[in-house]
Amino acid sequence: MLKSPLSSPGSPGMQVQFKVDESFLRQGEKRWFLRYLALHTMHIDIWDSDSLLLIGSTAIELKFMLRQGRSAVQALQEVEVLTTDYVVEDILLASADPGQRTTISPMTVQTIIRGRLHVRTGNIGKY
C-alpha cells in the first residue's frame, strides 16, 4: 500500500517517503514488486516554481532499492538533468516556378545538460 508522499518544510532539498505494507500484497505479488524494482527506472521532471517551466528531466534506477537480505540500504547518486532543444535552420531553395522561393526548415535536436541532481535513496525493512 502506498501512502501519500511527505515533504519536509524548512530543510534544503525535498524528502518523499512511500510506505509499502506487505500485508496488502496477494500471494506472488511480492516477487513481482521486487522484479519491478530490479528492472525499472524512476523518471523525474524538474520544474521552475516561479515560471512553471520545465527545467529538465532525469532518471534513477530502482534496483538500488533492493535490500537483498539486509535490514536497510542507501544509495547516493549524482544524475544529470537533461533537456531537449529543437533548433530550426532556415534554408531557402529555389522552387520549380520561376520567381517563387520555397522555405525548407530542417530541425536539429540537441540534448543539453542543465545541471546535476544529488539524490539519496533508501529502503528500510521490518523483515
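Modeller: Glu78, Glu80 and Arg116 are linked in a network of salt bridges. The model is a predicted one, in which local features need pLDDT of at least 70 and side-chain atom pairs count only at pLDDT 80 or more, whereas totals for chains, interfaces and linings use all residues. Residues are numbered from 1 along each chain as its sequence is written, and side-chain values use heavy atoms, with hydrogens and water left out.

Colleague: What makes the contact of Arg116 and Glu80 a salt bridge?

Modeller: The term requires a side-chain nitrogen of Lys or Arg within 4 Å of a carboxyl oxygen of Asp or Glu. For Arg116 and Glu80 the N to O distance is 3.5 Å, so the pair meets the rule. The pair joins distant parts of the chain, as Arg116 is in strand β6 and Glu80 in strand β3, 36 residues apart. A strand here is a DSSP run of E with at least two residues, a helix is a run of H or I with at least four, and both are numbered from the N terminus.

Colleague: How many salt bridges does this rule give?

Modeller: The count comes to five. Among them is the bridge of Glu61 with Lys63, whose closest N and O atoms are 3.6 Å apart. Another links Arg26 to Glu29, with 3.9 Å between the closest N and O atoms.

Colleague: Why is Arg26 called exposed, and what is Glu29 called?

Modeller: Buried means under 20% relative accessible area, exposed means over 50%, and partly exposed lies in between, with a 1.4 Å probe and protein chains only. Arg26 has 65% relative accessibility and therefore counts as exposed. Glu29, at 28%, counts as partly exposed. Glu61 at 40% is partly exposed as well, and Lys63 at 38% is also partly exposed. Glu80, with 32%, is again partly exposed.

Colleague: Why is Thr83 called buried?

Modeller: Thr83 has a relative accessibility of 16%, so the residue counts as buried. Thr83 has its place in strand β3. Leaving aside neighbours within four places in sequence, Thr83 is in contact (heavy atoms within 4.5 Å) with Ile55, Gly56, Gln110, Thr111, Ile112 and Arg114.

Colleague: Is Thr121 buried or exposed, and how do you know?

Modeller: Thr121 has a relative accessible area of 12% and is therefore buried. Thr121 is found in strand β6, and beyond neighbours within four places in sequence, Thr121 is in contact with Met65, Val73, Gln74, Ala75 and Gln77.

Colleague: How do you know that β1 and strand β2 pair?

Modeller: Two strands pair if DSSP finds at least two bridges between them. β1 and strand β2 (residues 54-61) have seven bridges, in the antiparallel sense, so they pair. Thr41 has Glu61 as its bridge partner in β2, and the partner of His43 in β2 is Ala59. In the hairpin of β1 and β2, six residues stand between the strands, and Leu52 takes a positive phi near 60 degrees.

Colleague: Asp45 also lies in strand β1. Why is Asp45 called partly exposed?

Modeller: Asp45 has a relative accessible area of 46%, and therefore counts as partly exposed.

Colleague: What makes an open space a pocket?

Modeller: On a 1 Å grid over the protein atoms alone, a cavity is a set of points where a 1.4 Å probe fits but cannot get out, while a pocket is an open set with protein on both sides within 12 Å along at least five of seven lines; lining residues have an atom within 4 Å of a point. The largest pocket holds about 2200 Å³ of space. Of its 43 lining residues, the closest to its centre are Gln17, Phe18, Met65, Gly122 and Asn123.

Colleague: Which element supplies the largest share of that lining?

Modeller: The largest share, eight residues, comes from β6. Elements that each supply at least two residues are α1 (29-39), β1 (41-47), β3 (72-88) and β6 (107-124).

Methods
Grid points are joined across faces, edges and corners, and a volume is the space filled by probe spheres set on the points.
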